[in-house]
Amino acid sequence: MIIGLTGPMASGKTTLVEVLQKLGYQLVTLSDMVREEARKLGIEEKRENLMNVGQILRQKGGPGILGFRALEKINFHGGDMWIVDGIRNPAEVEELRKHPDFILVANTAPEQMIIDRIKSRKRSDDTFDEFSIKRKLRREMGEGEPEGGQQVGKCIEMADHVFENIVPFEKVEEEFMKLYNQITNK
């Protein structure tokens, strides 16, 4: 099974990745592919720059290029338990759906909760200005973005399952496992 994860920044996708890795899943991160391309181009790895590099990759290789590359990596390494994290464009979803065992999970949270998480996590590439955070969130969701750009909102609409990550951090694994067990019929 390939579990794809989509959702806005600071919605808790990394926590879900950690839960799945404990179960034996291997990880492919689309953001890492974008970071690698940014390094090749000599571009600083800040969120805004990475969003632009992702857009460049989609312009050059087609909007599903990152999904295509993820499937290539999965096929190369083999195994049947994979996570594809950082899905941000519907064409990536369509590309990944070419695999018969692909399931898309949207990890969501209310906007104010996301803003509070960003302010509290203190990552070096995060801004702490609420207006700037909202602007980045809206861009990531697809506002003002071309078809080949960030379209997380559309990806969420395409999800097979939605995990609304509104529980306290210490309860996330327990709550997500309820959904995981539904997905895998355990």
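The model is predicted, so local features need pLDDT of at least 70 and side-chain atom pairs count only at pLDDT 80 or more, while totals for chains, interfaces and linings use all residues. Residues are numbered from 1 along each chain as its sequence is written, and side-chain values use heavy atoms, with hydrogens and water left out.

- Arg-58 belongs to helix H3, which spans residues 47-61; helices (H or I, at least four residues) are DSSP runs numbered from the N terminus.
- Because its relative accessibility is 5%, Arg-58 is classed as buried, a term that means under 20% relative accessible area, with over 50% called exposed and values in between partly exposed (1.4 Å probe, protein chains only).
- Not counting residues up to four places away in sequence, Arg-58 touches Pro-63, Ile-65, Leu-66, Arg-88, Asn-89, Glu-92, Gly-148, Gly-149 and Gln-150; contact here means heavy atoms within 4.5 Å.
- Ser-31 is placed in helix H2, residues 30-41, and counts as buried at 16% relative accessibility.
- Apart from neighbours within four places in sequence, Ser-31 is in contact with Asp-85 and Arg-88.
- The side chains of Ser-31 and Arg-88 are joined by a polar contact of 2.9 Å. Such a contact is a pair of N or O atoms within 3.5 Å; within protein, one must be able to donate a hydrogen and the other to accept it, and residues adjacent in sequence count only if both atoms are side-chain atoms.

**Salt bridges**

- A salt bridge places a side-chain nitrogen of Lys or Arg within 4 Å of a carboxyl oxygen of Asp or Glu, and by this rule there are 16 salt bridges.
- Glu-130 pairs with Lys-119 in a salt bridge whose closest N and O atoms are 3.1 Å apart. Glu-130 lies in helix H7 (residues 130-141) and Lys-119 in helix H6 (residues 111-121), so this pair ties together parts that are 11 residues apart in sequence.
- Glu-130 also forms a salt bridge with Lys-134, at 3.9 Å between the closest N and O atoms. About one helical turn separates Glu-130 and Lys-134, because they are four residues apart in helix H7.
- Glu-130 is partly exposed at 27% relative accessibility, as are Lys-119 at 32% and Lys-134 at 24%.
- Glu-174 and Lys-171 meet through their side chains in a salt bridge of 3.8 Å, N to O; Glu-174 is partly exposed at 44% and Lys-171 is partly exposed at 39%.
- A network of salt bridges links Arg-47, Arg-88 and Glu-140.

Note on methods. Helices (H or I, at least four residues) and strands (E, at least two) are DSSP runs, numbered from the N terminus.
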